[in-house]
Amino acid sequence: MRYPMAIEMGTDDTAYGVAVPDLPGVFSAGDTVDEAMAQAEEAIMLGLEGYAERGEAFPKASSLQALIKAPEYAGWIWTMVNVDL
């Protein structure tokens, strides 16, 4: 399954942030984009493990087109992460 990830660009003073809108509570940060994305992949797996442990179905991935228009992510950069379920 492919989940959209939103990347908030960092600065010299702030970390890069990554959010996975389809997985509430799954987010990460890092001093570089690569670090933030690697942390996000780990956070996704932990989040999905929680769903599995509770016996809940994994959330379906939203349309990237719909998320791009969400005001809370204005100015963020989008990518997709492939998760091997």
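1. E56 is partly exposed in this predicted model, because its relative accessibility is 39%, a value between the 20% limit for buried residues and the 50% limit for exposed ones. The partner of E56 in a salt bridge is R54, and the closest N and O atoms of the two residues lie 3.2 Å apart.

2. The protein chain carries 4 positive and 14 negative charges. The mean positions of these positive and negative charges are separated by 17 Å.

3. As to secondary structure, the protein chain contains 4 strands and 2 helices. Read from the N terminus, the order of the elements is β-β-β-α-α-β. The radius of gyration of the protein chain is 13 Å, close to the 12 Å given by the globule rule for 85 residues, so the chain is as compact as a globular protein of that length.

4. Concerning overall dimensions, the C-alpha atoms of the protein chain occupy a box of roughly 40 × 25 × 20 Å along the principal axes. Among contacts in the protein chain with a separation of 6 or more, 55% join residues 24 or more positions apart.

5. With regard to burial and surface, 35% of the 85 residues in the protein chain are buried. The accessible surface of the protein chain amounts to about 5,300 Å², and carbon and sulfur atoms contribute 52% of that surface.

Key
Residues numbered from 1 in each chain as written. Predicted model: local features only at pLDDT ≥ 70, side-chain atom pairs only at ≥ 80, totals over all residues. Heavy atoms only, no water. Rg over C-alpha atoms; globule rule 2.2 N^0.38 Å. Buried < 20%, exposed > 50% of the residue type's maximum accessible area, 1.4 Å probe, protein only. Contact = heavy atoms within 4.5 Å. Areas by Shrake-Rupley, 256 points an atom, 1.4 Å probe, with all protein chains shown as cover. Lys, Arg positive; Asp, Glu negative; His and termini not counted. Charge placed at Lys NZ, Arg CZ, Asp CG, Glu CD. Salt bridge = Lys/Arg side-chain N within 4 Å of Asp/Glu carboxyl O.
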